[in-house]
Each structure stands twice: as C-alpha cells, then as structure tokens.
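Welcome! Please take a look at the sequence and the 3D structure, and then walk through the notes below.

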Amino acid sequence: MQTGRAVIETRHLTKAFPGVVAVDDLDLTIRAGEIFGFLGPNGAGKSTTIRMLLDLARPTSGRVEVFGLDPRVAAAAILRRVGYVPSEPAFSDQLTGRRFLREADALRGLDSSATREVMAERLDAELDRRIRELSTGNRQKIALLHALAHEPELIVLDEPTRGLDPLVQHTFHEMLREAARHGATVFLSSHSLAEVDRVADRVGVIREGRLVAVDTLAGLKERATTTIDLELASAPDVDRFRRLDGVRGAEADGTHLRVVVQGSVDALLRAALDDTEIHAVRSAAADLEDVFLDFYRAEDVEVEP
Ligand SMILES: Nc1ncnc2c1ncn2[C@@H]1O[C@H](COP(=O)(O)OP(=O)(O)OP(=O)(O)O)[C@@H](O)[C@H]1O
Ligand SMILES: [Mg+2]
C-alpha cells in the first residue's frame, strides 16, 4: 500500500483565519487504496483540511494536490472523481432521497441507479420520502449514498457516522472496506477511535492544526500500555522486572506482581517463568484510548514521518 500512487498530497499546507491557524504546516501523503483515519479534538483543523482538498477553502500557504491536480484550478475535475460527505450535509430537502440522488447523477453526468438501490437496501435508507421528513440518521444515509453510489476513486468523509445507529455504522464500514478493496482511497475524519480502529489502515492525529502522529494502527497499539497482574508461587524481585524491555513500572505485594508493559509482554512472562511458577495471569487490554488522549493533550508534540 505504501508503494501506491499518491492520491492526496499536502506540503506545508497552512490555513490561517484571523486569530487562529486552523491548519499549520501539514505534510500528508495518502496513497491509492488506503483507508486513512484523521482524528483530532474539536477545532483541531480536520474539516478545514478536508475543505482545502476540494477547494471549499483555500490555503494561506503551502500546497495540496489531489490526483496530482491543484484544487484551486482543477476543482471540477477533482470533484467528478470524489465522493464527499461534509460535516453538515445540506440538501434540497423538498426532494425525496431518490430524486435528490438522481439529480446528483445528472449533475455528474452518470447513472449510479443500480449501485444506489443495492447500497440503499444495505443501509436501510428511505429513498421515497422527502429528505426533510427523515430522521437525522436516515438523512445521513442519503448523504452517504450521495458520496458512495457513483463508486468514486476517492471518498472523503467528514465525520460520516454521526447520527447512525451501530448496526448501520457496521454496514457502512463494511462498504468502505469493500470500496477500498476495489481500489478506492478513503480519507475519513472521525471522533471515534473505535471507528478508526475498525476500518483504517493508517491514522493521522491532528491537534491545534498540527499533525502530532501518523502511524499504522498496529504502530499506535505498540505505544499503548498493558497492565499485567501475576500471581506467583514466590515473592518476586521487583527491580529485576523494572529493568526488563518494555516495562514501564512494576510493583509487588507479597506474591502478587503488577507490571505495566508497553508493546510485547514476552520478556515479562519469560522472566516470571524463569524466576518462579505463575499461578494466574490477568491483563487489562492495551488501551489505545489512552494513547490518543495523550496525543490530544500532549504539550511536546512528536511527528513521525
Ligand atoms: N470560516 C472560518 N472562519 C474563521 N475560523 C474558522 C473558520 N473555519 C474554521 N475556523 C477555525 O479553524 C479551527 C479549525 O476548525 P475545523 O472546523 O477545521 O476543526 P475540526 O477539527 O473539523 O473540528 P470539529 O471536530 O469540531 O469538527 C477552529 O479554531 C475554527 O474555529
Ligand atoms: Mg469538523
């Protein structure tokens, strides 16, 4: 995947508003077929970044290319190849969903009716009611169909699952993975770590306009810590455990040993078995959430290429 052609590329991309730098010197490369998750707290610059990809906002400095094209001069050509769910979809809401989607097809000069009907069925979307009569989630489904039904090369999603029930979210995630398998590239901004964990290959974390981490999910999980509780046959030498690779802390209470490990627990378990017998092991799952909360809060930011 790392070798595919770049579908989105930003270099020193910056957008300043009076009083705030919304996007600050952003370097990102998203390759064909990749599902890229874009996470960050409120006001971090996710929507502003997305809007610059589609010429809905213009950079103050730096550059952005989509399909190798500059959105400022080739927005129409880019938009024909993109499906976009904005953070606040706007509809001509007198129309029924089906009518709205047909008109979108007409504007794009294509016919996506076959895929649209299949996708609508899967999402349990109501195409025959006026959009304004729909519930929040059912309206969001129309926005998803608008972005997906024409099977675009690039799918840009700004918090697409807001308002969707878990079952529909699940189906939608499945549809994204299928699209990626067929070669589509997905750029997904989200507040949901669980969502990004389920679908994304790679994640970027943005905070106050700056990219504070870019990594695979596996890479980020490596940074997460696991708490392991061991019940041993005899009291352990705690210092020995503290010196092990990946161990971030250890304390003992009689024969009970609690160790916080980053990454693999291999060294810990081997050392314990070397020492004595293990009667019981309990572990609290690696907490990816904590890793992200650290990124969100971190004062010293760290960027990985
Ligand atoms: N049109 C605008 N004029 C002035 N400031 C803006 C404008 N659009 C965005 N901003 C500011 O830019 C910063 C980034 O906003 P942006 O909407 O990109 O954040 P976000 O990451 O999408 O947040 P959220 O998770 O709440 O959607 C914020 O400080 C916001 O107030
Ligand atoms: Mg936003």
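The notes below begin with the whole chain and then move to its parts.

This is a predicted model, in which local features need pLDDT of at least 70, side-chain atom pairs count only at pLDDT 80 or more, and totals for chains, interfaces and linings use all residues. Residues are numbered from 1 along each chain as its sequence is written, chains are lettered from A and ligands numbered from 1 in the order in which they are written, and side-chain values use heavy atoms, with hydrogens and water left out.

**The whole chain**

- The chain has eleven helices and 13 strands; helices (H or I, at least four residues) and strands (E, at least two) are DSSP runs, numbered from the N terminus.
- Of the 305 residues in the chain, 47% are buried, where buried means under 20% relative accessible area, exposed over 50%, and partly exposed in between (1.4 Å probe, protein chains only).
- Along the principal axes, the C-alpha atoms fill a box of roughly 75 × 45 × 35 Å.

- Strand 6 covers residues 154–158, and five of its five residues are buried.
- Leu154, Val156 and Asp158 point one way from strand 6, while Ile155 and Leu157 point the other way.
- Strand 5 (residues 82–85) runs parallel to strand 6, and four bridges join them; two strands pair if DSSP finds at least two bridges between them.
- Strand 7 (residues 185–190) also pairs with strand 6 in the parallel sense, over five bridges.
- Leu154 stands opposite Val82 of strand 5, and its bridge partner in strand 7 is Thr185.
- Together with helix 6 (residues 166–181), strands 6 and 7 make a right-handed β-α-β unit. Right-handed means that, with the strands pointing away from the viewer, the path from the first strand over the helix to the second runs clockwise.

**Around ligand 1**

- Ligand 1 is surrounded by 13 residues, and the closest are Gly43, Lys46, Ser47, Thr48 and His191; a residue is near a molecule if one of its heavy atoms lies within 4 Å of it.
- The shell residues divide into five nonpolar, six polar and two charged. Here Ala, Val, Leu, Ile, Met, Phe, Trp, Tyr, Cys and Pro count as nonpolar, Asp, Glu, Lys and Arg as charged, and the others, Gly among them, as polar.
- Strand 2 (20–31) and helix 1 (46–53) each supply at least two residues of this shell, and helix 1 gives the largest share, three residues.
- An N or O atom in the side chain of Lys46 is 2.7 Å from an oxygen atom of ligand 1.
- For Ser47, an N or O atom in the side chain is 2.8 Å from an oxygen atom of ligand 1.
- His191 has a polar side-chain atom 2.8 Å from an oxygen atom of ligand 1.
- Taken alone, ligand 1 exposes 630 Å², and the protein buries 60% of that. These areas come from the Shrake-Rupley method with a 1.4 Å probe.

**Helix 1**

- Six of the eight residues of helix 1 are buried, so this helix is largely enclosed by the rest of the structure.
- Its buried residues are Lys46, Thr48, Thr49, Ile50, Met52 and Leu53.
- Asp55, which follows helix 1, has a positive phi, near 60 degrees.

**A loop residue**

- Ala224 sits in the loop between helix 8 (217–223) and strand 10 (225–232).
- Ala224 is buried, with a relative accessible area of 2%.
- From C-alpha to C-alpha, Ala224 and Thr60 are 36 Å apart in space, and 164 residues separate them in sequence.

Conventions. A polar contact is a pair of N or O atoms within 3.5 Å; within protein, one must be able to donate a hydrogen and the other to accept it, and residues adjacent in sequence count only if both atoms are side-chain atoms.
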